[in-house]
Amino acid sequence: MAAKKYQVFVSSTFRDLIDERQDTIRNILDLNHIPAGMELFPAADVEQLEYIKKVIDECDYYLLIVGGRYGSLDAAGVSFTEREYDYAVTTGKFVIAFVHGEPEAISVKNSDIKPELATALNAFRDKVMNGRLVRAWKDRQDLQLVVLKSLMHAFSAHPQIGWIRGDTAANEQVLEQSNKALQENVELREQLAKLTTQQQPAFENIADLDDVVQIRYRTRYSSSRGGSYTDRTTTLKWRQIFLPLAAELTTSRTDGVIFNAVKLAMKEVPDEYAPYDMNGMDSAKIKAQFIALGLITAFVSKTTSGGYAEFLSLTAKGRTVYMGDIVVRKATPT
């Protein structure tokens with residue numbers, strides 16, 4: 001799953017909380033999320049408020065810091081900070097608020113002295129503290145601790161829509177579709193293998209893996225005059241051919257793997273010549289024998305070059321036989 005980034009709108013009065021705002025924005029960035037605010041436009045007016053509303057609409061969380069000032073007022077005598085807050089609440093944004101717990105301890109230069117502003121601030125504080133995720137703070141260091149804790153809790157317990165890079169989302173969608181297609185492909189192959197096994201005719205007295213088969217092949221001798229070939233035969237058990245063939249068929253392969261399996265089997269035979277190629281009819285006989293035994297299945301599929309070819313694959317029975325033969329068992333006590 002791609003990492004989701006949340007956009008957090010940071011709202012407060014400006015000049016008295018510059019450091020606190022910067023600390024909060026830095027904390028949001030440290031958590032790998034996206035801060036939003038009006039750092040470049042500290043002056044407030046009605047036109048800017050309409051723009052701020054659009055920014056809030058795009059955010060996942062609304063974070064409010066209340067200190068000792070009520071802030072710049074609009075024509076109706078309401079601060080732009082309170083307007084932002086009211087809009088966030090009205091539009092259903094998840095609000096995280098931090099209200100100074102000791103307003104009387106705030107320095108005079110960062111407090112509203114005028115009675116009407118102080119009254120408005122107290123009313124705004126009461127509004128914010130009623131029914132919201134609110135934390136009190138008393139100084140800059142204390143504020144950043146509660147900001148971090150509150151943001152991590154909100155991201156975890158109250159996840160929002162968030163943002164994901166467009167290319168990451170597309171890649172995830174393609175990956176999900178690809179995985180689904182692969183799973184369906186596996187299921188279809190298993191169903192096809194079962195149907196193929198069910199439809200195979202029953203043969204009487206068919207040779208099993210411990211019987212032998214004679215394989216015709218050629219060796220090649222190279223000299224300065226060119227190459228010469230010698231026809232030869234070897235006798236192998238069907239099991240000797242099947243085990244290296246099954247090892248090759250951990251993924252679907254074309255029938256060229258049959259000759260590779262015969263070469264590997266012949267390496268285990270003392271004084272046997274290394275084959276240059278093998279008789280085509282014997283290769284076809286090996287394929288037919290293992291299909292008849294229900295150990296492999298053959299199907300036609302598209303190649304990487306865009307054409308079509310026949311592929312061989314192990315059946316469930318073939319995998320069981322293969323694993324039963326190569327698995328290492330405990331030594332029998334003497």
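How many of the 334 residues in the protein are buried, as a percentage? Buried residues come to 36%, where buried is under 20% relative accessible area with a 1.4 Å probe and protein chains only. This is a predicted model, so local features need pLDDT of at least 70 and side-chain atom pairs count only at pLDDT 80 or more, while totals for chains, interfaces and linings use all residues. Residues are numbered from 1 along each chain as its sequence is written, and side-chain values use heavy atoms, with hydrogens and water left out.

View 1. Helices (H or I, at least four residues) and strands (E, at least two) are DSSP runs numbered from the N terminus. Of the contacts with a separation of 6 or more, 71% come from residues 24 or more positions apart; a contact means heavy atoms within 4.5 Å. The accessible surface is about 20400 Å², and carbon and sulfur atoms hold 53% of it (Shrake-Rupley method, 1.4 Å probe).

**View 2. The open sheet of five strands, S2-S1-S3-S4-S5, with parallel pairing.** Two strands pair if DSSP finds at least two bridges between them. S2 and S5 (133–137) sit at the edges with a single partner strand each, so one side of each has no neighbour in the sheet. From one strand to the next, the twist averages 20°. Helix H1 (residues 18–30) packs on this sheet and touches S1, S2, S3 (61–66) and S5, with its direction at about 170° to that of S1. Helix H4 (residues 115–128) packs on it too, touching S3, S4 (94–100) and S5 and making about 140° with the direction of S3. Axes are lines fitted to C-alpha atoms, for helices over the stretch in contact, and angles run from 0 to 180 degrees between N-to-C directions.

**View 3. Strand S1 and its residue Val 8.** S1 covers residues 7–12, and six of its six residues are buried. Gln 7, Phe 9 and Ser 11 point one way, with Val 8, Val 10 and Ser 12 pointing the other. S1 pairs with S2 (residues 34–36) in the parallel sense over three bridges; Gln 7 stands opposite Ile 34, and Val 8 has Pro 35 as its bridge partner. Val 8 counts as buried because its relative accessibility is 0%. Leaving aside residues up to four places away in sequence, Val 8 touches several others, including Ile 28, Cys 59, Leu 151 and Phe 155. Leu 63, also touched by Val 8, is 55 residues away along the chain, yet the two C-alpha atoms are 6.7 Å apart.

**View 4. The open sheet of three strands, S7-S6-S8, with antiparallel pairing.** S7 (226–237) and S8 (277–278) are the edge strands, each pairing on one side only. S6 (residues 212–223) pairs with S7 over 12 bridges, and Gln 214 stands opposite Thr 235 in S7. Helix H8 (residues 257–267) packs on the sheet, touching S6, S7 and S8, at about 75° to the direction of S7. H9 lies across S6 and S8, at about 140° to S6.

**View 5. Helix H7 (residues 238–248) against helix H9 (residues 280–292).** The two pack at an angle of about 85°, with axes 12 Å apart. They are therefore roughly perpendicular (65 to 115 degrees). H7 brings Trp 238, Ile 241, Phe 242 and Leu 245 to the contact, and H9 brings Lys 285, Ile 286, Gln 289 and Phe 290.

How values were computed:
Angles under 35 degrees count as roughly parallel, over 145 as roughly antiparallel, 65 to 115 as roughly perpendicular and the rest as oblique. Buried means under 20% relative accessible area, exposed over 50%, partly exposed in between (1.4 Å probe, protein chains only).
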